[in-house]
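I opened the model today and kept notes as I went. The entries follow in the order of my look-ups.

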Amino acid sequence: MDASSRPDHVVIAGGGVAAVECALALHDLAGDRVRLTIIAPEPEFALRPLRTAEPFSRGQVRRHRLDDLAARVGAELITGSLVRVDAEQHTLLCTGEERPLAYDALVLAVGAEHRTAFRKALTFTGDRSTLNFNGLLADIDQGYSHTVSFVVPPGTTWPLPLYELALMTAQEAWTMGIEDINMQLVSPEPEPLALFGAEASAAVAALLEKAGIAFRGNCSTQQGDDGSPEVLPEGTPLDSQRVVALPTIEGLTIVGVPTGERGFIPVDEHGRVTTLPDVYAAGDATTYPIKQGGLACQQADAVAEVLAAAAGADVHPTPFHPVLRGRLLTGHGAAYLEHALHGGAGDTPPREMHLWSVAHKIDGRYLSPWLAELETDQGSTSMADDHAGDLTIDVALPVTATETVPAG
């Protein structure tokens, strides 16, 4: 942002993790120095990382009204989707609005598209796919399905939910007394969840082995002519009765916003869109290769600090230094994983880590306390209370982003 300009009116486009975190952060850091507008496609914020627990009746996607958030941060809420940005005029157009909306600074936290990688696979995205997954569990229970493959698809994706699904499926089969079932997890990763480092990866490998799930690493896949996944380079079929896959992730098309490979928005270390003045981006929409809610929050915090400082707040903006954190739902409990990316992320975290509640399935500096407050008001119990004996793993290893992203 030009040093001579002040972002008196900041528009945040999006209704997901990055958008909520940015709104909360900017309100805390800048206060009434800025006027906020939030443009969201839906009236509710959904905590989607809990979707993997739904088929097993261990949880549900939490939804919270965005007008409550807007009231908290003093923002105007517009329900619609961003379709065009005119950076030269500092205006934007969204669905449902006839006239362009002016802004001083724009934050693109619009998320990304989830696309099916294999026509003949159960692509788990939550929502409707939860019912399909319930059908898979019923087939296992009734003896119709004896072999199941869980496949990390080629392209950009976030693999952790697939491990959750595989481990909880194994637990469910054990609970149903099913012994004649073979499961495997197929991934381009060299080791299970390798992006979390060797110690955490070894722990996850032990969980898979204990659950009877074979791990096939360094496996690239493609869609065969019949729509089923094939293992490269030979193009051999998986030879599995049922296949569960994650969706791939691609960027959204917004007129006036530059994109790189797969439609993602290029940004610098402070979240500035590289070719658009006073436009920022955070979360899955950006070119940062790891798509995860906690990292989206950290990107949003970096953007909020720049905007707050430009608005005159006593804030010294720090660049995005990602620390990857995750909570793995296993059916037996949860494993807390932490990994510093790129280095420079601060001191090694304390050896004793508390289990995350439902509100902390996504770790955000501002988002997590807000969710915890909402969960308390609604009388929800935490997953930490439900799984008091969960395994806790504390890992902090410097790894570059390029080394953490499996080859597609």
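**Entry 1: ground rules and totals**

I began with burial: a residue is buried under 20% relative accessible area, exposed over 50%, and partly exposed in between, with a 1.4 Å probe and protein chains only. By that rule, buried residues make up 52% of the 408 residues in the protein chain.

I noted that this is a predicted model, in which local features need pLDDT of at least 70, side-chain atom pairs count only at pLDDT 80 or more, and totals for chains, interfaces and linings use all residues. Residues are numbered from 1 along each chain as its sequence is written, and side-chain values use heavy atoms, with hydrogens and water left out.

Next I counted elements. Helices (H or I, at least four residues) and strands (E, at least two) are DSSP runs, numbered from the N terminus. I found nine helices and 22 strands in the protein chain.

Then I turned to contacts, meaning heavy atoms within 4.5 Å. Among contacts with a separation of 6 or more in the protein chain, 71% are between residues 24 or more positions apart.

**Entry 2: strands**

I looked up strand pairing, which requires that DSSP finds at least two bridges between two strands. Which strands does E18 run parallel to? Strand E11 (residues 122-123) is joined by two bridges to strand E18 (residues 242-245), and the two run parallel. Leu122 has Val244 as its bridge partner in E18. Strand E12 (residues 147-151) also runs parallel to E18, with four bridges between them. There I saw Val151 opposite Ala245 in E18.

I also checked an open sheet of three strands. Its order is E6-E7-E8, and the pairing is antiparallel. Strand E6 (82-86) and strand E8 (101-102) are the edge strands, each pairing on one side only. Strand E7 (residues 91-94) pairs with E8 over two bridges in the antiparallel sense. Leu92 stands opposite Leu101 in E8.

**Entry 3: aromatic rings**

A pair of aromatic rings is described by the distance of the centres and the angle of the planes. My cut-offs: rings of Phe, Tyr and Trp (its six-membered ring) pair if their centres lie within 6.5 Å; planes under 30 degrees apart count as stacked, over 60 as edge-to-face and the rest as tilted.

How many aromatic pairs does the structure hold? I got four. One of them is Phe45 with Trp370, a tilted pair at 6.2 Å centre to centre and 50° between the planes. This pair links distant parts of the chain: Phe45 belongs to strand E3 (residues 44-47) and Trp370 to helix H7 (residues 367-377), 325 residues apart. Phe45 has a relative accessible area of 0%, so it is buried. Trp370 counts as buried because its relative accessibility is 3%.

I then took Trp158 and Phe196. Their ring centres are 6.4 Å apart and their planes lie at 65°, so the pair is edge-to-face. Both sit in loops: Trp158 between E12 and helix H4 (160-175), Phe196 between strand E13 (182-186) and helix H5 (198-211), 38 residues apart. Trp158 is buried at a relative accessible area of 14%. Phe196 is buried at 0% relative accessibility.

I checked one charge as well. The rule is NZ of Lys or CZ of Arg within 6 Å of the ring centre and within 35 degrees of the ring normal. Lys291 lies over the face of Phe264, 3.9 Å from the ring centre.

**Entry 4: H4 against H5**

Two packed helices are described by the angle between their axes and the distance between the axes. Axes are lines fitted to C-alpha atoms, for helices over the stretch in contact, with angles from 0 to 180 degrees between N-to-C directions. H4 and H5 pack at about 30°, and their axes are 9 Å apart. In H4, Tyr163, Leu167 and Ala170 meet Val204, Leu207, Leu208 and Ala211 of H5.

**Entry 5: two residues of H2**

Is Leu66 buried or exposed? Leu66 is buried, with a relative accessible area of 1%. I placed Leu66 in helix H2 (residues 66-73). Leaving out residues up to four places away in sequence, Leu66 touches Gly15, Val20, Ala40, Glu42, Pro43, Glu44, Phe45 and Leu77.

Ala70 is also found in helix H2. Ala70 counts as buried at 5% relative accessibility.
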